[in-house]
Amino acid sequence: MTTVERSERLGDPDDRGLVSIDQFLATDGEHEARLPRTLVGWLTTTDHKALGIAYILTSMVFLAIGGALAGVIRAELAEPGLQVVSAQTYNGVFTIHGSVMVYLFAVPFGFGLANYLVPLQIGAPDLAFPRLNAFSYWLYLIGGAVMLLGFVSDGGAAGFGWFAYPPLSGAAGSPGLGADLWIVSILLTGTSGTLTAVNVIATVTMMRTPGMTLFRMPILTWNLFITAFMVLLAFPVLSGALLMLEADRQFGTHFFDPGAGGSAVLWQHLFWFFGHPEVYIVALPFFGVVTEIFPVFSRRPVFGYKGLVLATLAIGALSTSVWAHHMFATGEVVLPFFALTSALIAVPTGVKVFNWIGTMWSGSLTFEAPMKFALGFLITFVGGGVTGVMLASPAIDFHLTDTYFVVAHFHYVMGGTVIFAMFAAIYFWWPKVTGRMLSERLGTIHFWMLMVGFNMTFFVMHLLGRNGMPRRVADYPSVDGIEGMNQIASVGFVILAASFIPFMISVVRSLRSPATAGADPWRANSLEWATSSPPSAHNFTWLPPIRSERPVFDLRWINHDGVGALSDSEAWRARQDHDEQWLPLHPFVGEQGDEPVESTETIDESGSPTGPAS
Amino acid sequence: MRLEAILWTGVTVYFVIIGLIYLAVGGDTAGVVLLLLGAGLGGLVAGWTWDWGRRNGTRVEDRAEVDAADLAGLVGVYPTASLRPLALAIGVSAMVIGVPLGSWISMVGLAIVTSQVLLLVRDTDTQ
Amino acid sequence: MTARFPALPPPITEQAVDADGVWSLYLWIAYGVAALVAILMVWVIVRYRRRTDDLPPQKHYNIPVEVLYTILPLLAVVGLFAASFSTIRAIDRTEEAPDLVVDVVAFQWQWEFAYPASGVRVAGTDTTEPVLVLPASSTVRFDMTSRDVIHSFWLTPFRFKRDIIPGRPASFSVNIGDAAGSYPNAGVCAEFCGLDHALMRFSLLVLEPAEFAAWLAEQPTDSPVVVEEPSP
């Protein structure tokens, strides 16, 4: 910790007395970032930042694989008939496309965000269980690789869709090894997710820094916390169902075999009891991402913070009681119950949309790349949301379920929102993770290509579905307009895929430039911006006092009465006079090691030692 | 801890209510059981948080007017870099992959898992 | 509608007409909601873009507004649910005493339709799709079974599909209107059922009741008949 002169602390008077975070940070390299530098370092790391980066990089690789498979699908569907692949390969391709995107890209990307950002946002040195965290990452990586092995196994990859309805997914319906590998893969990644959820819940519950009450946590952390609970509820159900399915296939049980007294509908209930919360497990972290971004680029606080938290809780709760709307067409479910709960979920989601708009309302908006992508998220999300309300009505769903209308719907809510919010997150936190900025100009090109490509690919799918094109078909009859619409979608996909080129250029250029972004390039709000970029080992060398959900904002405007959380700047000054206030939080002894991390002895004895591991 | 306890109690109450409603409208058995099990899951955490809060009182994290410095003393013990998580993950994966591919792989996996768990326990016991 | 949905046949059952009514209602509300959000977004983007370096007002909440935009969507979705509720009941209904019963058998990757009252069975061949022949202006019940995996019986002019789950015979009934004509490619298996799922289609031929009775009487009952593909 370097000593900081009082005059520097209170900011540069030319900048209207705004306090800059960089003034508080050590510049002598004492707490420089320590990402592993060797292969062994990466294989053995338990650091939440290294594992967070590993999660995100791995999920991006799976996004590329899933995207390539989507390319095969769009190429095959560009014309009627079978041109590119055989029907069997096609079935494997769309199964693995869906499974990779849902299980290996979207959910783990959220876990990557949780890994990297949750400890930073609540002022903790790491997650609660770092070795468990490393274990879950390796399970995820191995599980993902096992799924792809299906393509080289006898009989090809699993070809029964990402929800694997028996009896088609049973031993008679899918005899190949690919199906078993698929089951094993989901079992491993599901276990990995459950463990990560335990880790996040323990961290958020027990490791918040003093002053970080639950209702001062950033919305992203709230969303990841609620997501973790949903994972805990949903993933074990899936794991159980998968074990039953694998037992049916390998050990001759008959859970789902209707020929021997089993029930194929039981699988659907178990799967969708997992599957619908899963949709929100995918989406909630990204709702959190944009809730971090809108306030920063609007220079406004989150509008209706508690309303947003309650809405997220309501979504989490309701999402566990809507599962059978995926099963309306079976005729085996209580239609009014599920129609009503599914429609009700639109209310908290609508509240979120209006809160986001309320955050921007009468703000001072600028449109840097993260804000562009966040707005893109909002558009695609509303587009997918309104079709979701339509599908919640069985009268409409009977016609549209299992068609391209549903494909369009969930690519808007799970594809578009995830992709847009993911890039919003990458552009937003890139300077924090790397210490460098991404190009604004390339970001703009990237955004518009993605916007055009995405909507071109998926909007026509609504029309295809209403016209009667079922999903999961390698071939379709060449009737009025269907072929043309498919061609629009395929061309759109090319634009969508090409939009990644400017992004990759931007990434390479940025990594070659010097790390000069500084701690707080966006003038943001939450605690991760109160440490250096990239953050030091165990994250913080000091912490500002936390009096609201945006401690960094409060600190920046400390000299302006009535702007930050404390109305009286004299009160802040008075607090600063206690040296303890600005003491380093975690002076570490040497390397990341087994030594206990203790606060310095100069700290007063009033606080009770209630740390998580004490 | 009060707020956490209220939160998890709310989860429990929600699942009891929705489970009973679903039962009343003639829902399927699996769904009713899963919803009530969800209530159990929430209740488990709710009970733990209530009990923890009762035994330990208000934590420094839950007071609005405290600063980082008020949490004096030990804030955490963090593990060294370790190969155990990777080895354990390989072992667990081998155990599961052995089910379709041949039970000898499961045996190897079981051996890895056993050894790594024992080593992990030994690693942890350093104080 | 035809411009946007060129391949979609008109609704030919009372249930399909009802379902299309609900569809139109929801569609216009969806347009309305999307337009509202789009207008609000354009407004904030244009009106509130950064003009000065001043910090805008830091407003954290506005309880009345928040309550308002919670209550209004709540009323809207409950209203929509109520509006579609009676339609749901009307659509999801099985007639005990219909004019005609058709047994539908689904298997990988074909259909077979049987008329149990007369013993006639209709099937496809390796190269031709089966044709479902139905009488106009009558009530028809479908009793459906699957021989292997889950299939789904979907007729686009019915705006309805029902999954056929092995071990669980399923039924539904429709009131076909005065809609004689041929509907090529109107029948689809909508639940993914394996290798040739994409080819598991059938066509629909609706005949006037008298014509239908005559057609049915002509057919042999000893073996499945293959019906000529209705010309588009």
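1. In this predicted model, the contact between chain A and chain C draws on 73 residues from chain A and 68 residues from chain C. On the side of chain A that touches chain C, the elements giving two or more residues are α4 (87-122), α8 (264-298), α9 (305-319), α10 (335-344), α11 (346-360), α12 (369-391), α13 (394-400) and α15 (440-467). By residue class, that side of chain A divides into 45 nonpolar, 21 polar and seven charged residues.

2. Two peptide bonds deserve a look, given that most peptide bonds are trans. In chain A, a cis peptide bond joins A:Ser533 and A:Pro534, with omega at about -5°, and A:Pro534 is found in the loop between α17 (500-512) and α18 (551-556) of that chain. In chain C, the bond running from C:Gln108 to C:Trp109 is cis as well, its omega being near 0°; C:Trp109 lies in the loop between β1 (100-107) and β2 (110-115) of chain C.

3. A:Ala164 sits in the loop between α5 (130-149) and α6 (177-206) of chain A, and it counts as buried because it has 24 C-beta neighbours inside 10 Å, the cut-off for buried being 20 or more.

4. A:Arg523 is likewise not a glycine and has a positive phi, here of about 55°. This residue lies in the loop between α17 and α18 of chain A, and with 15 C-beta neighbours inside 10 Å it counts as partly exposed.

Methods. Residues are numbered from 1 along each chain as its sequence is written. Chains are lettered from A and ligands numbered from 1 in the order in which they are written. This is a predicted model: local features need pLDDT of at least 70, side-chain atom pairs count only at pLDDT 80 or more; totals for chains, interfaces and linings use all residues. Two residues are in contact if their C-beta atoms, placed from the backbone, lie within 7 Å. Helices (H or I, at least four residues) and strands (E, at least two) are DSSP runs, numbered from the N terminus. Ala, Val, Leu, Ile, Met, Phe, Trp, Tyr, Cys and Pro count as nonpolar, Asp, Glu, Lys and Arg as charged, and the others, Gly among them, as polar. A residue is buried if 20 or more other C-beta atoms lie within 10 Å of its own, exposed if 12 or fewer, and partly exposed in between; C-beta atoms are placed from the backbone.
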